[in-house]
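Please open the model in your viewer and keep the selection tool at hand. The tour below goes from one selection to the next and says what is found at each stop.

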Amino acid sequence: MSDETYVVVGGGLAGGRVAETLREEGFDGDVVLVTVEDRPPYERPVLSKGYLLGAEPLTSAYLHEAAWWRDHAIDVRTETMVTGLRPDDRLLEPEDGGTL
């Protein structure tokens, strides 16, 4: 297993697909996806069409069910805001303290 870690900031479609693609392409290190929202990555266009019209539940817009993220060893951290970036150290600082 790789000792590398990729941290994806943003829980939209692009962020979710980046994390998904890392696994599909064989990356076996740690993958962490952080989003300030209170839900896992979801497709905003689907949300605006189905959910807002009352035709579909909110979960229908999710990229994957919670089990998929766990099964693919992707650490999804909701309600997490990144407030600092230390590029020389290759670190991110979440609002709640610590580093990624």
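How far apart should the end C-alpha atoms of helix 1 (residues 13-24) be at 1.5 Å a residue, and what is the distance in the model? The model is a predicted one, and when you select helix 1 and take the distance between its end C-alpha atoms you will find 16 Å, which agrees with the 16 Å that its 12 residues should span.

With helix 1 still selected, colour Gly15, Gly16, Ala19, Glu20, Leu22 and Arg23, which are its buried residues. They cover an arc of only 155° around the axis, which puts them on the same side of helix 1. An α-helix has 3.6 residues a turn, so residues three or four places apart point the same way. Turn the view to the other side of helix 1, where Ala14 and Glu24 are exposed. Just after helix 1, stop at Gly26, whose phi is positive at about 95°.

The protein chain has three helices and five strands, and from the N terminus on they run in the order β-α-β-α-α-β-β-β. Along the principal axes, the C-alpha atoms fill a box of roughly 45 × 30 × 20 Å, and of the 100 residues of the chain, 33% count as buried. Among contacts with a separation of 6 or more, 55% are between residues 24 or more positions apart.

Next, select Val8, Ala19, Leu22, Phe27, Val31, Leu33, Leu63, Trp68, Trp69 and Ile74, the 10 residues that make up the largest nonpolar core. Helix 1, strand 2 and helix 3 are the elements that give two or more residues to this core. Centre the view on Leu63 and, leaving aside residues up to four places away in sequence, you will find that Leu63 touches Leu13, Gly16, Arg17, Pro41, Tyr42, Glu43 and Trp69.

Now show the aromatic rings, among which there are two aromatic pairs. Tyr6 and Phe27 form an edge-to-face pair, with 4.8 Å centre to centre and 80° between the planes. Because Tyr6 lies in strand 1 and Phe27 in the loop between helix 1 and strand 2, this pair ties together parts that are 21 residues apart in sequence. Tyr6 is partly exposed, with a relative accessible area of 37%, whereas Phe27 is buried at 15%. Trp68 and Trp69 form an aromatic pair that is also edge-to-face, at 5.0 Å centre to centre and 85° between the planes. Trp68 is buried, with a relative accessible area of 18%, and Trp69 is buried as well, with a value of 3%.

Another ring to inspect is that of Tyr42, where Arg39 lies over the face at 5.8 Å from the ring centre.

Finish at His64, in the loop between helix 2 (44-51) and helix 3. Is His64 buried or exposed? His64 is buried, with a relative accessible area of 16%, and, not counting residues up to four places away in sequence, His64 touches Arg17, Glu20 and Trp69.

Technical notes
Residues numbered from 1 in each chain as written. Predicted model: local features only at pLDDT ≥ 70, side-chain atom pairs only at ≥ 80, totals over all residues. Heavy atoms only, no water. Helix = DSSP H or I, 4+ residues; strand = E, 2+ residues; numbered from the N terminus. Expected span 1.5 Å × (residues − 1). Buried < 20%, exposed > 50% of the residue type's maximum accessible area, 1.4 Å probe, protein only. Arc of directions from axis to C-beta. Core = buried A, V, L, I, M, F, W, Y, C linked by side-chain atoms within 4.5 Å. Contact = heavy atoms within 4.5 Å. Phe/Tyr/Trp six-rings, centres within 6.5 Å; stacked < 30°, edge-to-face > 60°. Lys NZ or Arg CZ within 6 Å of the ring centre and 35° of its normal.
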